[in-house]
Amino acid sequence: SPVMRDDYARMVEIANEGSRELGFADTGALWRSGYDMPADDFAAETDRLWAKVKPFYENLHCYVRARLNAKYGDAVQPDHGAIRADLLGNMWSQQWGNIYDVVAPPSGGASSYDLTELLKAADYDATKMVKTGEGFYVSLGLDPLPQTFWERSQITRPRDREVVCHASAWDLDNADDIRIKMCTNVNGDDFYTVHHELGHNYYQRAYKNQPMLFRNGANDGFHEAIGDFVGLSALTPTYLNQIGLLKTTPGAEEDIPFLLKMALDKIAFLPFGLMVDRWRWDVFSGETAPAAYNTAWTADMLQYQGLVPPGPRPANAFDPGAKYHVPGNTPYTRYFLAAIYQFQFQRAACKQAGWTGPLHRCSVYGNNEVGARFNAMLQMGQSQPWQEAMKAFTGDGGNDASAIADYFAPLNDWLQEQNRGHQCGWSAA
Ligand SMILES: [Zn+2]
């Protein structure tokens, strides 16, 4: 998006002007101030979390690189160094689940079901997808969505006009007029997205009785993590069996394929969730000047994700402009935090539910006790520091990357075995 660069640079100036009027050094500092801790401490806190999960990401990166090398050969993807960003099945290389078929375990990689096919076979349509998402929240003891949600939401792509299809959730009156705007297709991705968006709506309605200034998420990472947490249960074969989509639940031999598929989305996302704002913090502070926008973006991609563009970028390239949240000026660290929080929520909820099996098979569907503690957190909105909201649901009050590590532990062991004899990692120079 080369034509966007000058406008973006001007927007950065205007945003910084406003941030300075509010008493912040720049817009990055304003964004870092929303986490109930000094802004510098927050940046260090994200470094600490990243250091915890990075070894895991490197194992996944190493395994995927070897599989891509096996498929495409040394000339396209060498078995060392960075991965070519265009081989990962996603425009921004932020989630890699679309190339599961390429990187599936060499033996026994086939999963006995494909969620998209299950939904189609059961004749789901867009409305039924959303109804099913609502059904999960209701099963936890929360109220059904209001009638106006069904009358006013955009659930399918309108036939008579162009719309922005990027899924979003809205709260129109700070009370009950909650809606989603999606172009829902019947597939596994959108099944998950429905649960994500409804998480925003359920959060919004839960905190509607707080004073106006507190009608918001405990922090912005919470807002993104609510629906993702519900989605972790909703994607399990345990749950798909409970609602009749899956006739039998697969055995332990499908644990690695399932976890690998999840990791291609959840673990692969972590460095991307971090690097978008690492780049922007430098842009807002002036450390990165407009002329260096794209080279800095490519350097961050390499440093955090271990990815490279397929070839040299043109001098006028502005790759970050292609990411919705950059021109939209939506902070992005929230998604990195949400990727950590959702597993904290899930581990705590499964413990409350008395679940003793592997974490990745746990579904809290229908559990009112979990629902009551979940709702206690939702109702707090932004009225307390986020650490208190975290405590209300999980019993612990901090950022804790050990939950995501617990969830993926069996896969991490497996990856290490697969990577034996390979030189993992890449040079960021
Ligand atoms: Zn969201």
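Ring pairs join Phe222, Phe229, Tyr341, Phe345, Phe374, Trp386 and Phe393 into a cluster; rings of Phe, Tyr and Trp (its six-membered ring) count as a pair if their centres lie within 6.5 Å. The model is predicted, with local features needing pLDDT of at least 70 and side-chain atom pairs counting only at pLDDT 80 or more, while totals for chains, interfaces and linings use all residues. Residues are numbered from 1 along each chain as its sequence is written, and side-chain values use heavy atoms, with hydrogens and water left out.

In total, the structure holds 38 aromatic pairs. One of them is formed by Trp50 and Tyr304, which are tilted, with 6.5 Å from centre to centre and 55° between the planes; planes under 30 degrees apart would count as stacked, over 60 as edge-to-face and the rest as tilted. This pair links distant parts of the chain, with Trp50 in helix α3 (residues 39–72) and Tyr304 in helix α12 (residues 293–305), 254 residues apart. Helices here are DSSP runs (H or I, at least four residues), numbered from the N terminus. Trp50 counts as buried because its relative accessibility is 7%, and Tyr304 does so at 8%; buried means under 20% relative accessible area, with a 1.4 Å probe and protein chains only.

Aromatic rings also meet charged side chains. The charged end of Lys128 sits over the ring of Tyr124, 4.5 Å from its centre, and Lys131 lies over the face of Trp150, at 4.0 Å from the ring centre. For such a contact, NZ of Lys or CZ of Arg must be within 6 Å of the ring centre and within 35 degrees of the ring normal.

Helix α8 (residues 188–206) comes next. Of the 19 residues in α8, 17 are buried, leaving the helix mostly covered.

The zinc ion is coordinated by His196 (NE2), His200 (NE2) and Glu224 (OE), at 2.1 to 2.2 Å; donors are N, O and S atoms within 2.8 Å of the metal (3.2 Å for Na, K and Ca), and sites may look incomplete because water is not among the atoms. Along the chain, the zinc donors follow the spacing H-x3-H-x23-E. His200 in helix α8 and Glu224 in helix α9 (residues 220–234) lie 24 residues apart. Both are buried, His200 with a relative accessible area of 9% and Glu224 with 6%.

Note on methods
Helices (H or I, at least four residues) and strands (E, at least two) are DSSP runs, numbered from the N terminus. Buried means under 20% relative accessible area, exposed over 50%, partly exposed in between (1.4 Å probe, protein chains only).
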